Amino acid sequence: MSRREPAVGPEPALPPIRKNTPANRALHPDRPWIRTVRILVGLFVLAALVQKTFDATLPGNDVDIPQLYSEFTIHGNLVLGLVLIVSGVRQRSRLPLWWDHLFGALVLYLVMTGIIYVVLVAPPGEPWWSWDLYWPQMVHHRLAPLVTALDWLLVTRTVRGTWWRPLAWLGYPVAFLAFSWIRGGLDGWYVYDFLDPTLDGGWAGVFVATAQVLVAFLVVSAIVHAAGNARVALAAGRPARPESIRGTTGVAA
């Protein structure tokens, strides 16, 4: 958009869009349809959380509210629901630059939630492709991972992640593991069976399963990071050299 043209459409991206302008403006996060989808999915994710919370108060449920809110799935979906709603309500230019890095972390956590559910948590015999689940489970383990991944791949972004971003994203999963073992040691309840040393295999089995999960997190983290930067490259091009940044006076998208 030249400086003489009136400001029409979404607010300029920061850093600015420099490539594939028509497509990237069509997929700009301030587009009404993108903001609407984010708000609706965010509300749906939180509604599923409310349903799970209510169900945890019913007699005979296998988890109570403190146990429910100790689950990785609940943490990720709670934050995701809030982030999607805020992303839909506020213009991207009014959100901090690190907002995209936070969203990328949630993509990692929700995609891994879906993978871990299929591989380690789902009832035996449940097909990985099935959407015929208790509806909050469907929302948290199928819909939320799919929507966040598509948002990350399709919606225009111009904030590039540094090489260490995937490692930073692993901070929360590692802290969650420590929390889960401390909590289980105190009251004997472990969030997931593969973290429970009282089952067959003991601590050796737990460490093997945990190592496999952490490797999967690292691999998926690197993939999410690379995909995010590839999407940025489609809108902002290659990162500018320091000398070119110092000589830039500002270019509108």
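Predicted model: local features only at pLDDT ≥ 70, side-chain atom pairs only at ≥ 80, totals over all residues.

**Entry: nonpolar patch.** I searched the surface with that rule. I found a nonpolar patch formed by I115, V118, V119, L120, V121, W128 and W129. Together these residues have about 710 Å² of accessible area. I then picked V119 and asked which helix it lies in. V119 belongs to α5, which covers residues 99-121. Is V119 buried or exposed? Its relative accessible area is 60%, so I logged V119 as exposed, since the cut-off for exposed is over 50%.

**Entry: backbone angle.** I checked phi next. Most residues other than glycine have a negative phi. N20 is not a glycine, yet its phi is positive, at about 45°. I placed N20 in the segment before α1, the helix of residues 21-26. Its relative accessibility is 43%, so N20 counts as partly exposed.

**Entry: whole chain.** How many helices and strands does the chain have? I counted 10 helices and 0 strands. The pattern along the sequence reads α-α-α-α-α-α-α-α-α-α. Of the 253 residues, 45% are buried. I looked at contacts with a separation of 6 or more: 73% of them join residues 24 or more positions apart. The accessible surface of the chain comes to about 13,600 Å². Carbon and sulfur atoms hold 69% of that surface.

Note on methods. Residues numbered from 1 in each chain as written. Heavy atoms only, no water. Helix = DSSP H or I, 4+ residues; strand = E, 2+ residues; numbered from the N terminus. Buried < 20%, exposed > 50% of the residue type's maximum accessible area, 1.4 Å probe, protein only. Contact = heavy atoms within 4.5 Å. Areas by Shrake-Rupley, 256 points an atom, 1.4 Å probe, with all protein chains shown as cover. Patch = residues over 30% accessible without salt bridge, like charges linked within 9 Å, V, L, I, M, F, W, Y side chains within 5 Å. Salt bridge = Lys/Arg side-chain N within 4 Å of Asp/Glu carboxyl O.
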